[in-house]
Amino acid sequence: MLLQRIITAAILIPLIVLAIFKLPTDYFSLIFALIMLLGAWEWTNLIEITNVFKRVLFLLLLILPMLVIHFWTQILELVSLTADLPAIRDYSGIIEWLVVPPVLFWILTMVLIRNAPKSVLNLQLKPRNKVLLGAFILFSAWMFLTRLRILNAPEMTLYFFILIWGADISAYFVGKKYGTTKLSPEISPGKTIAGMYGALAAAAMCAVVFGLIFQFNIVFIMDFVLLSVVTVLISIYGDLFFSVVKRQRGVKDTGAILPGHGGILDRLDSLIAAVPFFYAGIYLIYRAMP
């Protein structure tokens with residue numbers, strides 16, 4: 001299993017790096033949208049939608065707002081750059097406020113799973129609420145990863161992936177060697193408190209190294225370390241959120257498309273939760289800079 005994971009990662013990581021640095025923004029957005037749609041297909045199985053027509057409708061529920069956001073922001077930003085129209089620039093800035101609902105959702109999810117895991121595990125949502133919830137979290141992840149790539153350059157996007165990957169790897173090996181106390185045994189018996197601390201330590205080290213490489217000032221590095229650590233903390237509970245959904249469905253993995261990893265959502269669960277929070281933090285840090 002570990003060998004399969006390593007081989008799959010060795011194939012995927014160079015492709016992701018190439019996509020971040022070489023693809024034009026439109027193509028990057030399209031590729032990640034297709035990946036999210038594959039994840040959406042897996043989500044329909046997790047919430048027990050077996051009818052193909054209903055599954056396709058769910059994909060359309062994601063595709064339509066993706067198209068709206070993609071072309072809306074492009075047009076507004078183009079007009080803002082070519083004309084002195086501050087009203088349009090302000091209107092374009094409304095898009096940044098859309099990050100607030102997913103950030104609040106994932107913070108609330110983290111608090112609930114941390115303090116009431118059994119209640120979360122036993123929570124039964126209506127089918128339409130599961131549909132809306134899946135559309136909301138997948139669409140948010142696509143939108144703000146794309147925005148991160150557009151507004152904060154490929155380097156910051158790559159850093160975000162390295163942050164999540166590094167935390168995941170550290171959690172696995174630290175938890176395997178030192179983990180005794182379970183983080184949330186009711187939801188995911190494999191995750192440990194030691195593994196979580198290993199992930200948070202890796203996040204802090206990633207932030208310091210990245211800050212030194214790009215010669216950030218000390219205040220920015222401190223903010224960056226805090227943002228990275230909290231982003232990873234959110235990502236851990238994002239992973240647990242998807243574990244809840246899988247346990248309710250009675251499956252181990254969301255799919256089998258990635259050997260050694262399971263499905264698309266098995267690989268992206270941490271990222272889906274983390275990217276809105278990371279984007280919001282980077283946006284606020286840059287806004288605060290002189």
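## A first look around the model

At 32% relative accessibility, Trp-41 counts as partly exposed. Here, partly exposed sits between buried (under 20% relative accessible area) and exposed (over 50%), using a 1.4 Å probe and the protein chains only. This is a predicted model, so local features need pLDDT of at least 70 and side-chain atom pairs count only at pLDDT 80 or more, while totals for chains, interfaces and linings use all residues. Residues are numbered from 1 along each chain as its sequence is written, and side-chain values use heavy atoms, leaving out hydrogens and water.

Back to Trp-41, which you'll find in helix α2 (residues 25-46). Helices here are DSSP runs of H or I with at least four residues, numbered from the N terminus. Together with Val-52, Phe-53, Val-56, Leu-57 and Leu-60, Trp-41 forms a nonpolar surface patch with about 560 Å² of accessible area in total. To join such a patch, a residue needs over 30% relative accessible area and no salt bridge, with nonpolar side chains linked within 5 Å (like charges would be joined within 9 Å). The areas come from the Shrake-Rupley method with a 1.4 Å probe. Helix α3 (residues 52-82) gives the most to this patch, with 5 residues.

Next, have a look at helix α7 (residues 127-151). After α7 comes Ala-153, with a positive phi near 70°.

What about the rings? There are 25 aromatic pairs in the structure. One of them joins Tyr-159 and Phe-210, whose ring centres are 4.6 Å apart with planes at 40°, so it's a tilted pair. Rings of Phe, Tyr and Trp (its six-membered ring) pair when their centres lie within 6.5 Å; planes under 30 degrees apart are stacked, over 60 edge-to-face, and the rest tilted. Tyr-159 sits in helix α8 (residues 153-178) and Phe-210 in helix α9 (residues 193-213), so the pair ties together parts 51 residues apart in sequence. Tyr-159 is buried at 3% relative accessibility, and Phe-210 is buried too, at 10%. Both belong to a cluster linked by ring pairs, whose members include Phe-161, Trp-165, Phe-220 and Tyr-286.

Charges meet rings as well. The charged end of Arg-149 sits over the ring of Phe-28, 5.4 Å from its centre. That label needs NZ of Lys or CZ of Arg within 6 Å of the ring centre and within 35 degrees of the ring normal.

How many salt bridges does a search of the whole structure find? It finds 4, each being a side-chain nitrogen of Lys or Arg within 4 Å of a carboxyl oxygen of Asp or Glu. Among them are these:

| Pair | N to O distance |
|---|---|
| Arg-267 and Asp-168 | 2.9 Å |
| Lys-246 and Asp-266 | 2.7 Å |
| Asp-253 and Lys-252 | 4.0 Å |

Lys-246, in helix α10 (residues 218-249), and Asp-266, in helix α11, are 20 residues apart. Lys-246 is buried at 10%, as is Asp-266 at 11%. Lys-252, by contrast, is exposed at 67%.

Technical notes:
Helices (H or I, at least four residues) and strands (E, at least two) are DSSP runs, numbered from the N terminus.
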